[in-house]
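Me: Hi! I have a structure to go through with you, if you have a minute. Here it comes.
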Amino acid sequence: MRVGLLGTGFIGKLHADILCRLEGVELAAVLVRDRAKAADIASRTGCQVFDDPDRFFMEGQFEAADICLPTYRHEEMILKALRAGKDVLCEK
């Protein structure tokens, strides 16, 4: 399964590390506010990096979205993911 990760804060980095260790899972894309924050993850995984949510969901090559953003952004991104036909993982 190819996963798109939203957010590279503490939880996002933790999820990225876990996703990279799971058999049969590939971290395929990351959505960030600041591309520099994704440099470490992208260099280790070769994943696509996006700073625009619409492009992330339209152009990202993944089946599931792992939402690791502040709680107030969950609903918006869950709805975008579902409209794009993605499975969703969101804590809380």
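Predicted model: local features only at pLDDT ≥ 70, side-chain atom pairs only at ≥ 80, totals over all residues.
Me: Which residue is the bridge partner of L5 in β4?
Reply: That's D66. Strands here are DSSP runs of E, at least two residues long, numbered from the N terminus. Residues are numbered from 1 along each chain as its sequence is written, and side-chain values use heavy atoms, leaving out hydrogens and water.

Me: Good to know. How many bridges join β1 to β4?
Reply: Four, and the two strands run parallel. Strands count as paired if DSSP finds at least two bridges between them.

Me: And which way do the β4 side chains point?
Reply: A64 and D66 point one way, A65 and I67 the other, and all of them are buried. Buried means under 20% relative accessible area, exposed over 50%, and partly exposed in between, with a 1.4 Å probe and protein chains only. In a regular strand, side chains alternate between the two faces of the sheet.

Me: What stands opposite I67 in β5?
Reply: C90 does. β4 and β5 pair in the parallel sense over four bridges.

Me: Zooming out, what's the strand order of the sheet?
Reply: It's an open sheet of five strands, β3-β2-β1-β4-β5, with parallel pairing. The edges are β3 (48-50) and β5 (87-90), each pairing on one side only.

Me: New topic: the core. Which residues have the most contacts inside the largest nonpolar core?
Reply: L5, L27, V30 and I41, in a core of 14 residues. A nonpolar core here is a set of buried Ala, Val, Leu, Ile, Met, Phe, Trp, Tyr and Cys residues joined through side-chain atoms within 4.5 Å. β1 (2-6), α1 (10-21), β2 (26-31) and α2 (35-45) each supply at least two of its residues, and α2 gives the largest share, three residues. Helices are DSSP runs of H or I, at least four residues long.

Me: V30 is in β2, then. What's its bridge partner in β3?
Reply: V49. β2 and β3 pair in the parallel sense over three bridges.

Me: Last one: where is D52, and is it buried or partly exposed?
Reply: D52 is in the loop between β3 and α3 (53-59). It counts as partly exposed because its relative accessibility is 28%. The D52 side chain also reaches the backbone nitrogen of R55 at 2.8 Å.

Note on methods. Polar contact = N/O pair within 3.5 Å; in protein donor to acceptor, adjacent residues only side chain to side chain.
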